[in-house]
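Here's a quick, friendly briefing for anyone opening this structure for the first time. Have a look at it below, then read on for the salt bridges, the charged surface and a few spots along the chain.

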Amino acid sequence: MFTVPIIDISPYADPQSTPEQRAQVARQLDEASATVGFMQIVGHGISQSVVDGLTEALDAFYALPLDVKKNYTRPGANRGYSPPKSESLSMSLGVAAANQMNDFYEAFTVGSEQSWYAATDLPESSYPDNTWPDDAVAGFRPAVEEWFAQARDVSRILLRAFTDALGLPDGYFDALTDHSIDALKMNNYTLPEGEIELAGELTGMGAHTDFGILTVLWADRVPGLQVLDRDGIWHDVQPEPGALIVNLGDAMARWTNDRWLSTIHRVDPPVVDGRIIRRRSAAFFFDGNFDAVIETLPGCSRTDQPGYPPITVADNINAKLAGMKQGVAPKAVDREAQRLTSARAAR
């Protein structure tokens with residue numbers, strides 16, 4: 001039976017925990033990463049008040065008229081507001097949707113800036129300045145920044161646990177993540193009538209894999225998220241109370257030569273009486289340094305499968321973003337694209 005395991009990661013956040021307690025968590029993460037690529041984590045330490053602050057900020061922004069929200073678009077940068085039908089995530093795998101740029105969700109994205117790091121040679125294309133709707137929504141920025149900071153802390157806790165699970169030396173990933181490209185994409189799937197036509201087959205968020213190391217997702221406990229298993233079958237996934245959903249991205253799958261999975265997923269929203277049921281989510285992408293090279297990790301070589309060709313984190317992300325935002329199919333995504341097209345054929 002397909003299941004997304006619930007894992008308590010608190011031993012990695014508690015300095016008083018024992019090596020045996022941490023080793024048990026590492027084993028659970030290894031099994032989930034190798035079999036599902038998704039997990040639900042508890043014991044993450046993010047309080048309900050921080051979640052409430054995030055959701056209140058999102059509700060206030062998305063309640064604005066569409067014309068106002070469009071003032072915060074950033075063409076060419078993975079920052080700011082993305083209106084409905086301006087992206088197609090399946091194209092990040094080179095698989096075109098029936099109607100290109102058909103994902104109907106709207107989103108607001110913030111992320112790492114050049115000024116956050118001591119390094120002076122970071123490219124603006126990977127570390128652009130953020131856009132904030134300070135003049136339209138009071139309190140949006142501090143609430144989002146607080147969630148961003150805490151989700152980043154959780155990501156780094158998980159990376160320590162993943163290092164142990166892979167049998168790598170302590171701090172192995174430090175030099176690959178000390179100026180990490182991190183991004184928080186906050187999504188809204190319920191739009192007022194008149195802003196989008198609810199006709200034909202709707203794509204909430206097209207089938208895709210995430211691009212980086214790992215994703216920490218907060219989401220409403222309503223249907224929508226679906227995960228593709230190895231047999232090409234879609235499964236509904238909803239977060240348990242207080243849990244965050246974590247999945248691995250392409251960088252980790254490439255590093256481990258598919259010992260661990262970057263699992264294809266999508267959002268297929270329910271429509272009742274011509275209206276989309278309200279659904280919100282916030283995905284924190286922990287992606288690694290722009291110049292970090294993704295190549296097979298020690299201990300992950302396989303005789304039955306060659307490793308992926310080396311690629312930098314930035315080149316991998318930029319290729320996938322070009323597909324998502326511009327419809328330009330990326331190269332060397334055959335493994336993932338084949339899984340998606342096989343699932344479509346099995347319907």
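Let's begin with a pair of side chains: D59 and R278 make a salt bridge, with their closest N and O atoms 2.6 Å apart. This pair connects distant parts of the chain, as D59 sits in helix α3 (residues 48-62) and R278 in the loop between β13 (275-276) and β14 (280-289), 219 residues apart. A salt bridge here is a side-chain nitrogen of Lys or Arg within 4 Å of a carboxyl oxygen of Asp or Glu. Keep in mind that this is a predicted model, where local features need pLDDT of at least 70, side-chain atom pairs count only at pLDDT 80 or more, and totals for chains, interfaces and linings use all residues. Residues are numbered from 1 along each chain as its sequence is written, and side-chain values use heavy atoms, leaving out hydrogens and water.

**Salt bridges**

- Searching the whole structure turns up seven salt bridges.
- Side chains of opposite charge can pair when their charged atoms come close.
- D59 also forms a salt bridge with R280, and there the closest N and O atoms are 3.0 Å apart. That one links distant parts of the chain too, with D59 in helix α3 and R280 in strand β14, 221 residues apart.
- How exposed are these partners? D59 is partly exposed at 31% relative accessibility, R278 is partly exposed at 42%, and R280 counts as buried at 10%. Those words have cut-offs: buried is under 20% relative accessible area, exposed is over 50%, and partly exposed is in between (1.4 Å probe, protein chains only).
- K69 forms a salt bridge with E106, the closest N and O atoms being 3.0 Å apart. K69 lies in helix α4 (residues 66-69) and E106 in strand β4, so this pair ties together parts that are 37 residues apart in sequence. Both K69 and E106 are buried.
- Which residues are joined into one network? Salt bridges that share partners bring together D59, D220, R278 and R280.

**Helices, strands and a negative patch**

- A word on names: helices (H or I, at least four residues) and strands (E, at least two) are DSSP runs, numbered from the N terminus.
- D121, D174, D178 and D291 form a negative surface patch. Patches are made of residues with over 30% relative accessible area and no salt bridge, where like charges are joined within 9 Å and nonpolar side chains (Val, Leu, Ile, Met, Phe, Trp, Tyr) within 5 Å.
- For charges, Lys and Arg count as positive and Asp and Glu as negative, while His and the chain ends are not counted. The place of a charge is taken as NZ of Lys, CZ of Arg, CG of Asp or CD of Glu.
- After α5 comes G167, with a positive phi near 70°.

**Other spots along the chain**

- N257 has a positive phi, near 55°, although this residue is not a glycine. N257 is found in the loop between α7 (250-255) and β11 (265-267) and counts as buried, at 1% relative accessibility.
- D258, in the loop between α7 and β11, has a positive phi near 65° and is likewise a residue other than glycine.
- N257 and E295 are 38 residues apart in sequence, and their C-alpha atoms are 8.3 Å apart in space.
- D8 lies in strand β1 (residues 6-8) and is partly exposed, at 37% relative accessibility. From D8 to L29 is 21 residues in sequence and 9.9 Å in space, C-alpha to C-alpha.
- D236 is in strand β9 (residues 234-236) and is exposed, with a relative accessible area of 57%. The C-alpha atoms of D236 and D268 are separated by 9.4 Å, and the two are 32 residues apart along the chain.

Technical notes: Areas by Shrake-Rupley, 256 points an atom, 1.4 Å probe, with all protein chains shown as cover.
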